[in-house]
Amino acid sequence: MRTNLAACLFVFAGALPALADGVVDKIMTAADKARLAAYGTVRAEAIAEARAGGAPADLAVLDAILVAPQIPFAGLDMAGTWQCRTTKVGGLGALVVYGWFKCKVGDDGSGWLLEKTSGSQRTKGRFYDDGERRLIYLGSFFVAGEAPKPYGSGPGSDQVGYAFRTGERAWR
């Protein structure tokens with residue numbers, strides 16, 4: 001069990017990143033393609049909102065996330081049990097750092113699948129390659145006790161984001 005390892009789900013209010021091609025481009029909704037295309041702008045605005053309205057302790061967590069290096073995913077086996085948390089940056093609440101929960105990553109032969117397995121708010125989805133230092137995550141939000149909807153079910157459940165490797169046994 002990888003309880004001492006951290007995977008941060010870093011959520012910017014309203015949007016997350018990239019222009020993807022190949023399989024992921026065929027799966028991704030038009031709305032999520034637009035969200036990823038606006039990543040740089042939305043990220044900068046969200047960080048500014050967080051800095052203006054975040055609590056000092058939460059800003060320290062955000063700063064640690066922002067200075068973490070982005071290293072290639074090569075050699076990282078993500079499969080296993082991880083600690084994970086969500087950090088909401090920008091939008092309602094300006095900056096919210098949630099506590100740690102349990103997540104698992106598995107490989108079904110088609111790639112890595114993420115599932116948050118504890119807490120009331122959950123996510124389940126798949127990672128897609130987007131270069132050597134970034135993955136695209138397409139998933140679905142759901143509440144514990146409910147079955148997750150498949151990605152593409154609509155804006156109420158669809159999630160999109162990037163994953164970056166930040167250390168030997170860490171990623172966000």
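**View 1. The largest nonpolar core of the predicted model contains 14 residues.** In this predicted model, the residues with the most contacts inside the largest nonpolar core are F73, M78, F127 and W171. Two or more residues are given to this core by each of the strands β2 (80-89), β4 (101-107), β5 (112-116) and β7 (135-143). In soluble globular proteins, nonpolar side chains tend to be buried together.

**View 2. Another core, of 11 residues, lies apart from the largest one.** Among the residues that belong to this other core are V24, M28, L36 and Y128.

**View 3. Helix α3 packs against helix α4.** Helix α3, which covers residues 39-53, and helix α4, which covers residues 56-67, meet at an angle of about 150°, and their axes are 10 Å apart. Because angles over 145 degrees count as roughly antiparallel, α3 and α4 are roughly antiparallel to each other. The crossing in which α3 passes α4 is left-handed.

**View 4. Residues of α3 and α4 come together in the contact between the two helices.** From α3, the residues R43, I47, A50 and R51 take part, and they meet L59, L62, D63 and L66 of α4. Sorted by type, the residues of this contact comprise five nonpolar and three charged ones, with no polar residue.

**View 5. A52 is a residue of helix α3.** With a relative accessibility of 70%, A52 counts as exposed, because the exposed class takes in values over 50%. A52 and G90 are 38 residues apart along the chain, and their C-alpha atoms are separated by 9.6 Å.

Notes: Residues numbered from 1 in each chain as written. Predicted model: local features only at pLDDT ≥ 70, side-chain atom pairs only at ≥ 80, totals over all residues. Heavy atoms only, no water. Axes fitted to C-alpha atoms, helices over the stretch in contact; angles between N-to-C directions. Helix = DSSP H or I, 4+ residues; strand = E, 2+ residues; numbered from the N terminus. Parallel < 35°, antiparallel > 145°, perpendicular 65-115°, else oblique. Left-handed = near helix turned anticlockwise from the far one by under 90°. Contact = heavy atoms within 4.5 Å. Nonpolar A, V, L, I, M, F, W, Y, C, P; charged D, E, K, R; others polar. Core = buried A, V, L, I, M, F, W, Y, C linked by side-chain atoms within 4.5 Å. Buried < 20%, exposed > 50% of the residue type's maximum accessible area, 1.4 Å probe, protein only.
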